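I opened the model to look up a few local features. My notes follow.

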Amino acid sequence: MDDSSGLESDVLEIVNVLEERGESPSVWASEVERCMLERGIELPSLELGEIVVGNLCFSRNSPSLWKFMDQAIVSGLLSPLHAFALLTSRVFPHRQRQPEAYRLYLELIHRCGISFSPRDFSTQGEKIAKSVITALQLTYMFEVPDVDMGTSLAFFFCAVITNLVDCSLEDLGLELTYLKKGNDRNVPPTDDKIQVNEKGNSKRLEFLQQLRRKNTAMAMEVAEKLTSDKNAKMLLHLLRHKMPEMFRYFLQRFHFIQTQRTNSPNLLCIDHILAKLSVNISLAIDWKPLVHKRVPPRGLDDLALRSINACPNSVGSLPACWIPFDIFMENTMDGKHLYATSAIDILSDLTKTLQVVNQASWQEAFQALWISALRLVQRERELVEGPVPHLDARLCILLSVTPLAIVGVIKQEVGMQSSKGQDSTMDVGSGCYDNYGINQPSSIERGLKSSIQLLRQFSGLLSPPPSIVSAANSAAQKAATFVSNLKKSANYGDHAETSAEAVGTMMHLIVEACIARNLLDTSAYLWLGYVAMPSTVNPSPTPKQLSPWSIFMEGSQMTPSLTNMLVVTPAPTVAEIKKLHDIALNGSNNERGAAARILCGASLNRGWNIQEHVLNSVIKLLSSPVPSDISGPGGQNQACNTSSGYMSMIRPLLFGLCRADILYIISVYGRVPDVAAALLPLCEAFGSLSPTSTHRSTSGEEPSIYSIFSCAFLFLLRLWKFYRPPQEHSVAGRWGPVRTEVTLDYLLLMYNSSRGADAKPVYISSFPNLESWYLQNQACVAGPPAADRTHQAANQILTMLCRKMTSSASSCGSSTSSSDDSCPRPCLPAWEMMESIPVVLEALLAACAHGRLSSRELTTGLRDLVDFLPASLGSIVSYFSSEITRGVWRPVEMNGVDWPSPHATLASIEQEIRDILASAGVHVPPSRPPGGGGAVILPLPMAALISLTITFKLDPAVEYISGVAGPALENCAANCASPCMPVIGALWTQKVRRWHDFIVMFCARNCFERDQAATCQLLGSCFAAFLGSSLGSRGGVDGLLGRAVLPRGSSRGITPGILYLRSCRKFYDPFFLARQLLDLVLASNSPDVAMLGASLLCIAGGPTLVQILYAETVPTWLLCSTGHAPEGRAAAVMLFLAAAFVWGVGQRSALWRPSAGLRAVVVRGHAEFLAGRFTAECHPPAWRAYVSQWLLLVVQFAPQWVPAMGPDALRKLVCGLRAWDKPELALALLETSGPLAASSLFFDDPLS
């Protein structure tokens, strides 16, 4: 208090002295500033504002002091916002007694308006904001949760306008009824101590009276000017949407004016001002900034305005804006990649994102989704045989994944509509697809129905493949029977439809899939033209046979013949699955095994209408607790007796689930983490048991301990790239792969995060034997095997192998292992053997390298080890991978004497590989000299691994072994110093001739691991094929991925898009790939190409590449670019779309859910980069176009990203946009943050 009194005395003394001298107000300000600095008071000073305004109102109400206050504001001594707030609260109550002060206040506010200096928003911004709120005394009327400059501006603007209007109307004699209905006007009481002597001077009285009348009109003029300002319109817009209570308080005055203008004669004198004021308020209310106009941003307008129905119907062409659907669906056909996140959730969020970005109706979005899925089915050529997903997998996408993705979209929309005004969420996670009876919004329901009905226009896509013609006809017949029965019940008389079988199309299967998920009801059967009958009626229709499922549900015994029929016939409903599940848990030993076989048969592979329920059932069985006599201590010799029922169930379940086609289904449903968590206790328990026999029992149907452990263990290994070294052990001088592969720890993290908080988490440390092997594997792939492992088990294994070699020397080189079981075998738990295998392998390789063991004996020994314990293949692969990478073993010649020779087919295989690549526009030089001469040299571990793998039989019963060997062999080939995939291809084509085409394609994609020039050619070919600029290319999806309907007799080859999708995970430099894709997009300046570039980037590297694009590639280009505006817009479109595809545009997204937190980090970092560059003097056209376009896309399509930018970056961006004369875009950025950031709208110098 003493300090403030002393400051006031010093300031008044300075003012009095200088006023007596006749100095100008600028000198006053200089002296006062010197005094303030001597006292160490920060400027602008709130204390000085209180002193100056306190004396003006009204003890020293002199013109000179008013001039000094004006000069103090200009000089930065006072905060204009704080000074005007103090004046507002003190001048209005005394406007009649102090009309001159009121006039000066009106002149000052008329001149300054609501544009303030950035000094108001300095370090004292928070203090100024609180002082303004306190001075206006509005807090008792409105709740102010957070006080900052934006809030204080909103309150100040509202207080000034309402006081101007209220006082003017009151001075004109109107009774302000709206104040009586609510809170009284916030005007401080009049200070009765302040008296103004106006007696005895008639001229003075007349002057003051005229001044009061002029003040009334001028107050309305000031209000009209303030509301006509563009910034005021923006602030009113923010008030309306973010502070509705204050906005209603504000609008009460203008509703009152509208009702009184025609009734009150007192308003005639200012009617013209009221008319302008009303227009300003109406414009502010009706004004919609750019974010609400939904005008397509420049760069996406071409995409948004294209109609699906304008495309050729016969082949189902789509506008380029929907190509992410085709790319994502075709990418799921790569059997080498397993999804840790459900493809259903990914496709659901992708549908939502494309619907928003393309500004399409739900009918257009769903129709594009169905057409892409139909194209996927028709694109299956059935010409390449091999261990890859085929037609059933493509039908799974069409008839299971796509309907469930639509269910996810509808759930999200319902959740958004139900959560308006409240914070509510809906769980749309994987495994939660029961009870689809949801109250669908009418717009989505109509859009879905219309999208399916309009599919009839695309007749070329609706022809069912031959293998499912009967299923399509059955679906059509079901509809025909329903219509027939409906007509009978309606007494329509006799009809002849049921005498002939209806003709079905893919549309009938789609409708049945939607009905099964409650997306449609049976009224779809009544659609015009849905039931189609053949032109000729079969007079003697074939009698229908009773379904085996009907026999089963009637209670018949599960005989072998019935079981076999149920295995190959999909279950019709969920009821049959529930009964099978109960039998698998509680039936007899034979029944439990049969039920497990049936569940893993056609019902899981082709039961598309109930596939998710079948998968849930088998995973529950797989996760059932291991019996205590197996998992507990002791009782190992009794395990096969007391737990035979469990083993009878678990063995066919494991062997059924580890098939390539079933593993694909597990992947697209996002259940890989669940399966991994279920396999851990199985591996731990069965790997700890000793076998009951010393002889081999891994073949046949009996459930042996080794066979169950080996299948479970190898199945677990297939779920993650166990043979890959950790990222930190990548080869020096090379970046890691563009997509980081999942690990077992990551899968368990995903599993634990998907469960409730009350569920017990699963950690690998809970399984000590498995953890020991896991750590040993990580150490092995990163370096040589440890030398301190126990050698007792290794000696027993080596003894077994050596005796086998000597007793079966004549059969060591055969393609199958010997059937002689006379040699004693170790009776050790599997984990003890697994731990010692690296030592065994090192001994075998050393013996072979020093000539003590022939190559044939080495191969025979390795094969016999795999036959005895198939799980040992995992340790063999990890050990050989590390040894090949180390490169310490001598090379050997594949000459056909010591090692198998590839020379018979090597030259032709290499030529076919080059031809395949050339068909996609990639030209690579020959890896061998012309003529194919020269010896084929490979490292010893590589030769041993190849020789071992070509001895495996391609039998479905041992598919779990080849499923591990194939990818591991490919990875080992990539680690060799010289290309050896052609050698592998040549040897395997000699063994499996029917896989010739698959093997050649398999080998062709490996050139991209070493050759960045080939990668550049492939990327260029993809863009050329998409644009139709390559020779013979149709452009669009047809050019990129191939025709939807492939005519017979087409030449063998591969499209650039298919080759890219099968090879993109081979690219090893993510920075190089991101830069190449950006350059291709910039070269075209087309939104179509930006959509393609974003799609290809996300498919290849996901969040990793998107983060690189935001943090490295685009900023580097912007800092170095001198390009034109179209390049900037194209880069912005690609950057925005890439992030939208990966993380979605909404509040929550299932897209790559574990990395969703990166979105806020990436967006904030990029916004800070852009905001920091606004201070630069020179902004090239490409830079300005990029910034404007990216921000426009964000505010239009992803407003949920704006809060992540941060207040500082947001303020700088808004100021920069205002400097570029883009106020609407600036407001759009602020609208998501509300008036808390509104201070940026009122800077006089936006970039200062």
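Which residue just after α6 takes a positive phi? I found Gly113, with a phi of about 65°.

I noted the ground rules next. This is a predicted model, where local features need pLDDT of at least 70, side-chain atom pairs count only at pLDDT 80 or more, and totals for chains, interfaces and linings use all residues. Residues are numbered from 1 along each chain as its sequence is written, and side-chain values use heavy atoms, with hydrogens and water left out.

**Helix α6**

**α2 against α4**
The axes of α2 (residues 25-38) and α4 (residues 63-75) come within 8 Å and cross at roughly 60°. I used axes fitted to C-alpha atoms over the stretch in contact, with angles from 0 to 180 degrees between N-to-C directions. On the α2 side, the contact (heavy atoms within 4.5 Å) is made by Pro25, Ser26, Trp28, Ala29 and Val32. On the α4 side I have Ser64, Leu65, Lys67, Phe68, Gln71 and Ser75.

**Asn266**
I located Asn266 in the loop between α12 (244-260) and α13 (271-286). Asn266 touches Leu172, Gly173 and Leu174, not counting residues up to four places away in sequence. Asn266 and Gly173 are 93 residues apart in sequence but 7.3 Å apart in space, C-alpha to C-alpha.

Definitions and conventions
Helices (H or I, at least four residues) and strands (E, at least two) are DSSP runs, numbered from the N terminus.
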